[in-house]
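Subject: Handover of a structure model

Dear colleague,

Please find the structure below, followed by a summary of what was found in it.

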Amino acid sequence: MVEPGERQIGCIKLRPFSYGSMQLAYLFKLSLFTGEGDTEQTAEEKQRQIVTFAWMQSAPIDEVVAAVHDGSAETRVLKFSLGITFDTIPELMAEINRIGEMVSASSVRAESKYPSSEDDAPGKS
């Protein structure tokens, strides 16, 4: 987890960002967290990612898991988004930025201490 405890943003209560949250970020293509994908995003794409993040962190865990399993996440996020007001978006974005900084600071990059190349890969002789 990034930080213990829940966060209240407007009427949304967010769970702490966890390893599972990061896995969901990859599944839902939330490049705001993963850094993957287009660096230039439309305003609509950023809003989709913000609302998806808010839904996945606030909906009951069983609902999120079921939506991933049955493919209904997009519909559930749309329904959830109908309750989000525009004044909540900047606070959600600030929370996303805070989490992103904490995830970056805690990420570990493992590198082999033994150099290798394609020529000496296992199975090549």
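The largest nonpolar core of this predicted model has 26 residues, of which Phe33, Phe53, Trp55 and Met56 touch the most other members. A nonpolar core here is a set of buried Ala, Val, Leu, Ile, Met, Phe, Trp, Tyr and Cys residues joined through side-chain atoms within 4.5 Å. Buried means under 20% relative accessible area, exposed over 50%, and partly exposed in between (1.4 Å probe, protein chains only). At least two core residues come from each of strand E2 (12–14) and helices H1 (19–27), H3 (43–58), H4 (61–70), H5 (73–81) and H6 (89–106). H3 gives the largest share, six residues. Helices (H or I, at least four residues) and strands (E, at least two) are DSSP runs, numbered from the N terminus.

Within H3, the buried residues include Phe53, Ala54, Trp55 and Met56. Leaving aside residues up to four places away in sequence, Trp55 is in contact (heavy atoms within 4.5 Å) with Phe28, Glu63, Val64, Ala67, Ala73, Arg76, Val77 and Phe80.

As to the overall fold, the protein chain has six helices and two strands, in the order β-β-α-α-α-α-α-α along the sequence. Of its 125 residues, 30% count as buried.

The structure holds five salt bridges, a salt bridge being a side-chain nitrogen of Lys or Arg within 4 Å of a carboxyl oxygen of Asp or Glu. Among them:

- Glu6 pairs with Lys13, with the closest N and O atoms 3.9 Å apart; Glu6 is exposed at 53% relative accessibility, and Lys13 is partly exposed at 46%.
- Arg48 pairs with Glu45 at 2.8 Å between the closest N and O atoms; because they are three residues apart in H3, about one helical turn separates them.
- Arg98 pairs with Glu95, the closest N and O atoms lying 2.7 Å apart, and both residues belong to H6. Glu95 is buried, with a relative accessible area of 8%.

Arg7 joins Glu95 and Arg98 in a network of salt bridges.

The phi angle of Lys29 is near 55°, a positive value in a residue other than glycine.

Residues are numbered from 1 along each chain as its sequence is written, and side-chain values use heavy atoms, without hydrogens or water. As the model is predicted, local features need pLDDT of at least 70 and side-chain atom pairs count only at pLDDT 80 or more, while totals for chains, interfaces and linings use all residues.

With kind regards
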